[in-house]
There are 2 protein chains.
Amino acid sequence: MENKRTEISDLGEFGLIDRISQNFTSVNNETELGIGDDAAVLNSLGSRIIVTSDMLLEGVHFDLSFTPLQHLGYKAVAVNVSDVAAMNAIPKQITVNLGLSNRFSVEAVDEFYKGVKAACDNYKVDLIGGDTTSSMSGLVISVTAIGMVGQDKITKRSGAKEKDVICVTGDLGAAFIGLQILEREKQVFMANPDMQPQLDKYDYIVQRQLKPEARMGVVHELAELDIVPSSMIDISDGLASELLHLSRQSGMGMKIYEDKLPIDKQTYDTAVELGIDPTTAALNGGEDYELLFTVSMDDMEKLKKHADIHFIGYVQSSDKGNIMATKGGNEVEVTAQGWSHFKKP
Amino acid sequence: MENKRTEISDLGEFGLIDRISQNFTSVNNETELGIGDDAAVLNSLGSRIIVTSDMLLEGVHFDLSFTPLQHLGYKAVAVNVSDVAAMNAIPKQITVNLGLSNRFSVEAVDEFYKGVKAACDNYKVDLIGGDTTSSMSGLVISVTAIGMVGQDKITKRSGAKEKDVICVTGDLGAAFIGLQILEREKQVFMANPDMQPQLDKYDYIVQRQLKPEARMGVVHELAELDIVPSSMIDISDGLASELLHLSRQSGMGMKIYEDKLPIDKQTYDTAVELGIDPTTAALNGGEDYELLFTVSMDDMEKLKKHADIHFIGYVQSSDKGNIMATKGGNEVEVTAQGWSHFKKP
């Protein structure tokens, strides 16, 4: 990447599209026509079609001083696949729109698409189109993902019922704590460029921030166990915010237990090192891209042996509110502190 | 709009989504679940699904000093609907991703979505989702449109056959000349803020730039006449560039006639006033969002009485190249000057 710099203007439109599309071949029967026309053509083969779209903006969602472009390409796909997973659907296609300022070379675009390609391979998704244009100000990424699912398997946010068990996959708070470490090391580096960032002992949490994974494995496992969750959402803004979405859209209250929240040891230790309460990181950290879902008591039995699915509480009537029982034996209201992008100036 | 300014941070995520979504109700049977979950749910009812996505960035694709936000919302939808039309398909759903800097108020967002709503009503499209986030730098818009079409009606860029007639709808070059006028008046205004812009005599071409329409009417008319074009594309980068797309993807040459190019009188007169060759504006201007398509000789007969479809040439073998016969009796090669967004710095 450092050896060669080709201007995007040297390639031209045809050249850039060809360069991108030559690495992508469709793997899904549902993709009838991919890149290269006014639009792509899909065939749902009778399934329902899931559509979701997310935007990632430089300076808001990522900092290129510590985010490799390849990871960013991977993440842009993964966060959209995560939304498809949250509908209990299988991702099939994506479009990637990219706005690039002059400081990005063709080699930089290649790096980004290497990450897109790795994610497409991993999640078995076809890149079917997109728009590449110049930007006056930094890198702009907008991805739309399309998935398919049988009508009887669609899992919305609105189906949680009283006494259902609240489940969460993996662990929480790691991506947020990883970001704090990356920002700390950036400050150290800016103060003294001879200092090399010390990231070895933070490898897991840094990886969780830079290259998150969508929990497609869990979607497939639920299908194998013949479980359709009563409600589901992916955790992008923090557990608290997502719990409140399920609560609001299902018209139910939620009760969770602090001591059941899954927090990785590295997340915990680093949070303590930084003076951040690990529970706060888990509740409000965001960008975990784990799945939060509710299942009936019967289905819970089938999930008991799953190492990566944790039962953190249960659904209660709405008049009981959204409550966390703390380790100290108190009950506190769950409030959302996610979605900080529109903080007051 | 000038009377009240509400900060987006005052509304919060739920508030903003509610405010936007309350004005949008789905009209298509194919939309099973719209805004408000991780993703939307569609049912193609056996049709093929068309997906297209486009990004509009402030400072590159639009200048807010002379672009009303309402028109911009309309245009963001129309240009994507135009891509669906270019596949001979019917638009059904859109997602709108929006990046907003602090200088945009809730009222500004309302204005933008008024335009989105007007376009949704006009084109009978359902807004099914999207992502609204803050931006460090200006307004960022990314729209994905989904359409449906019977498999036997899909019209790609690649089907043009020798002796097919090349057709274009409406007229060309107006949006480009309209932009030149808007930019000229902006310079006048910046030099002397007491000067009011003189736009009355340029109403048509200014409208073509600020509020373009997708040619859905023509798609419906072709269906009524039982015509499936052999190839089709919408004119976003200028006639020349789009002709070359059809040529390249069909493996054919194209012959067009300068004196057949449809140019509105206001476009022609204003081009002359500005010292721009009207033919150059028609060939390379861009943003017309007319449809360029090829039909067999038999189908041409059915279109002869259509006031808004013009026959500008025919398809020839690829060895004859892409040629324009000029008014002066010469033959010149058609070359693309569109896609200027990546001009060298």
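1. A:I233 lies in strand β9 (residues 231-234) of chain A, strands (E, at least two residues) and helices (H or I, at least four) being DSSP runs numbered from the N terminus. The structure is a predicted model, in which local features need pLDDT of at least 70 and side-chain atom pairs count only at pLDDT 80 or more, while totals for chains, interfaces and linings use all residues. Residues are numbered from 1 along each chain as its sequence is written, chains are lettered from A and ligands numbered from 1 in the order in which they are written, and side-chain values use heavy atoms, with hydrogens and water left out.

2. A:I233 has a relative accessible area of 0% and therefore counts as buried; buried means under 20%, exposed over 50%, and partly exposed in between (1.4 Å probe, protein chains only). Not counting residues up to four places away in sequence, A:I233 touches A:A86, A:R157, A:E242, A:H245, A:L246, A:E290, A:L291, A:L292 and, from chain B, B:D38. Contact here means heavy atoms within 4.5 Å. A:V168 stands 65 residues from A:I233 along the chain, and their C-alpha atoms are separated by 9.9 Å.

3. Chain A is divided into domain 1 (8-152) and domain 2 (165-342), with bounds that come from an automatic or database domain assignment. The contact between them takes 24 residues from domain 1 of chain A and 23 residues from domain 2 of chain A. Taken over C-alpha atoms, the two domain centres are separated by 26 Å.

4. The size of an interface is often given as the accessible area lost when the parts come together. Domain 1 and domain 2 of chain A bury about 2,000 Å² between them, 63% of it on carbon and sulfur atoms; buried area is the accessible area (1.4 Å probe) that two parts lose on being put together, summed over both. Of the area that domain 1 of chain A buries against domain 2 of chain A, 30% is supplied by A:F66, A:K75 and A:N88, more than by any other three residues.

5. Two salt bridges are found across this domain interface, a salt bridge being a side-chain nitrogen of Lys or Arg within 4 Å of a carboxyl oxygen of Asp or Glu. The side chains of A:K186 and A:D63 meet in a salt bridge of 2.6 Å, N to O.

6. The contact between chain A and chain B takes 71 residues from chain A and 71 residues from chain B. The area buried between the chains is about 6,100 Å², of which carbon and sulfur atoms give 56%. Strand β3 (residues 48-57) of chain A gives the largest share of the side of chain A that touches chain B, nine residues.

7. In chain B, B:T294 lies in strand β11 (residues 291-295) and counts as buried because its relative accessibility is 0%. Its side chain is joined by a polar contact of 2.6 Å to that of B:S230, and by another of 2.6 Å to that of B:S231.

Notes. A polar contact is a pair of N or O atoms within 3.5 Å; within protein, one must be able to donate a hydrogen and the other to accept it, and residues adjacent in sequence count only if both atoms are side-chain atoms.
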